[in-house]
Amino acid sequence: MNQRTMINDMTRGPLAKQILLYSVPLMLANLLQTLYNLVDLAVVGQVTDSACVSAVSVAGQITFLLYALGMGLGSGTQILISQQVGAGNMGGVRKTTGTSLTATLFLAAAVTAAGLIFKNLLLTLLNTPAEAMRDAKEYMFWCCLGIPFTYGYGSLCAVLRGMGDSKRPMYIIGIAAATNVVLDILLVYSFGMRAKGAAIATAAAQAVSFLFALVYLYRHRESFGFDFKRESFRIDKPILHMVVSLSAPLAFMSIAITISMMFINAWVNAYGVVASAVSGIGSKLYSVVSIVTQSMQTADATVTGQNIAAHRVDRVKKALYICTGICMVYWAVISTLCLLLPGQIFGLFSTDSAVLDMAPSYMLISVVMYLSFATMGPPLGFVNGVGNVRFNFIISIADGVVARIGLGLLLSGPLGLGLHGYWWGSALAGFVSTIGCWAYFFSGRWKNRQLLA
């Protein structure tokens with residue numbers, strides 16, 4: 001990356017080195033991102049009780065669902081910009097940046113309002129334990145107020161990643177994570193504000209990171225390639241149509257999987273506060289374990305987008321193999337730790353003996369779930385980079401709705417696995433996406449797709 005532009009051309013040069021240089025900051029950024037809810041859960045779990053842990057876990061599922069809409073818009077923007085960079089369309093990059101930022105503002109306002117209005121209904125639908133309801137409501141309220149800032153810095157980071165710049169998003173998220181840790185300890189531990197304090201810390205951290213990103217990119221607007229003038233924020237309808245056509249299936253896929261997991265967790269919550277706490281801790285552990293797979297998915301999407309637009313099919317294939325190999329090595333290491341140290345790992349988030357007793361059986365299932373995501377992440381990034389929105393839509397239905405809910409009900413009910421059946425259903429459902437994405441890759445049909453750029 002040269003000094004005059006933030007664009008990183010990945011259509012030439014040593015591909016493995018480029019992927020590693022691009023993905024390492026992504027991994028660090030994803031690690032820092034997970035600190036939001038992980039620190040919330042860890043501090044709450046060590047200072048309060050299982051009811052408060054359950055509240056943060058259940059409310060966190062809903063806030064993640066609300067965040068998914070913004071992440072979908074950001075992912076669509078990243079894909080389009082990566083193809084525009086590969087095609088050398090810098091004018092399109094500028095129009096996409098302005099259109100995306102303005103559309104994000106309107107979407108954030110609508111989602112914030114919806115979250116505040118329907119928070120009580122959603123918590124009830126998830127069978128939130130009665131003793132956790134008050135904390136859950138307070139946690140959701142403050143997290144909803146932070147949505148505009150979350151969407152804002154997420155949109156800016158998506159633009160940068162599409163340009164091939166993964167370092168600056170890492171710095172932006174790092175500031176948010178550091179702020180969140182300090183405020184979590186202060187509000188929850190020192191002031192005893194329970195889940196409410198954790199949520200205020202998260203919302204404040206998001207605001208700080210967004211304002212920092214905005215000021216930084218404005219001061220470096222020449223190298224960023226966007227002048228921040230009022231007319232530059234005008235929505236370009238053709239660009240908006242392309243961004244939405246990409247974003248909607250991606251957001252729907254994330255939402256479908258999240259909603260299906262919410263159904264599963266709602267059924268799990270019916271087994272009591274201990275089962276709810278175990279499931280919540282498991283979700284947070286997954287967010288750590290998925291750091292590498294999500295980074296490889298993002299990296300492969302960007303590399304694919306640039307190279308498919310530059311007609312470098314050979315680099316598209318090679319990138320997928322490299323990213324998948326990295327994911328599989330990582331899965332082997334993490335799985336070994338999960339199987340050998342289940343109690344110690346869960347002990348980081350809870351001191352409840354009943355929760356710790358359930359950890360080994362949950363970890364065994366988790367290893368299978370981690371495998372499904374390790375084999376799904378890179379090929380899903382490939383599909384995203386190609387821009388095949390129709391296929392993403394089909395995958396989201398098959399994985400997020402049919403397989404996850406269907407398998408959970410089948411295994412827990414007719415096959416008699418009870419509570420563990422719901423967890424096994426979630427673990428196995430991911431392989432639907434794995435099989436579908438790899439089948440599409442080996443079919444070769446993607447080589448003849450019309451480019452969005």
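Buried residues are those under 20% relative accessible area, exposed ones are over 50%, and partly exposed ones fall in between, as computed with a 1.4 Å probe on protein chains only. The model examined here is predicted, so local features need pLDDT of at least 70 and side-chain atom pairs count only at pLDDT 80 or more, while totals for chains, interfaces and linings use all residues. Residues are numbered from 1 along each chain as its sequence is written, and side-chain values use heavy atoms, with hydrogens and water left out.

We may start with the charged pairs. Side chains of opposite charge can pair when their charged atoms come close. A salt bridge is counted where a side-chain nitrogen of Lys or Arg lies within 4 Å of a carboxyl oxygen of Asp or Glu, and the structure holds four of them. One of these joins D9 to R12, with 2.9 Å between the closest N and O atoms. D9 is partly exposed, at 32% relative accessibility, whereas R12 is exposed, at 58%.

A further salt bridge pairs R194 with D135, and here the closest N and O atoms are 2.7 Å apart. This pair links distant parts of the chain, 59 residues apart: R194 belongs to helix 7 (residues 194-219) and D135 to helix 4 (residues 133-145). Helices are DSSP runs of H or I with at least four residues, numbered from the N terminus. R194 is partly exposed, at 28% relative accessibility, while D135 is buried, at 8%. The side chains of D165 and R168 also meet in a salt bridge, at 2.6 Å from N to O. D165 is buried, with a relative accessible area of 0%.

T128 counts as buried, at 9% relative accessibility. A polar atom of the T128 side chain lies 2.7 Å from the backbone oxygen of L123. With neighbours within four places in sequence left aside, T128 is in contact (heavy atoms within 4.5 Å) with V58, L123, M133 and A136.

Attention now turns to W438, a residue of helix 15 (residues 419-443). W438 is buried, its relative accessible area being 16%. The W438 side chain reaches the backbone oxygen of T375 at 3.1 Å. Not counting residues up to four places away in sequence, W438 touches L320, Y321, T324, T375 and P379. L380 is 58 residues from W438 along the chain, and the C-alpha atoms of these two residues are separated by 8.6 Å.

Finally, the cysteines. A disulfide is a pair of cysteine sulfur atoms within 2.5 Å, and the structure holds zero disulfides. C52 is buried, at 0% relative accessibility. For C338, the closest cysteine sulfur is in C327, and the 15 Å between the two sulfurs is likewise too far for a bond. C338 is buried as well, with a relative accessible area of 5%.

Notes
Helix = DSSP H or I, 4+ residues; strand = E, 2+ residues; numbered from the N terminus. Polar contact = N/O pair within 3.5 Å; in protein donor to acceptor, adjacent residues only side chain to side chain.
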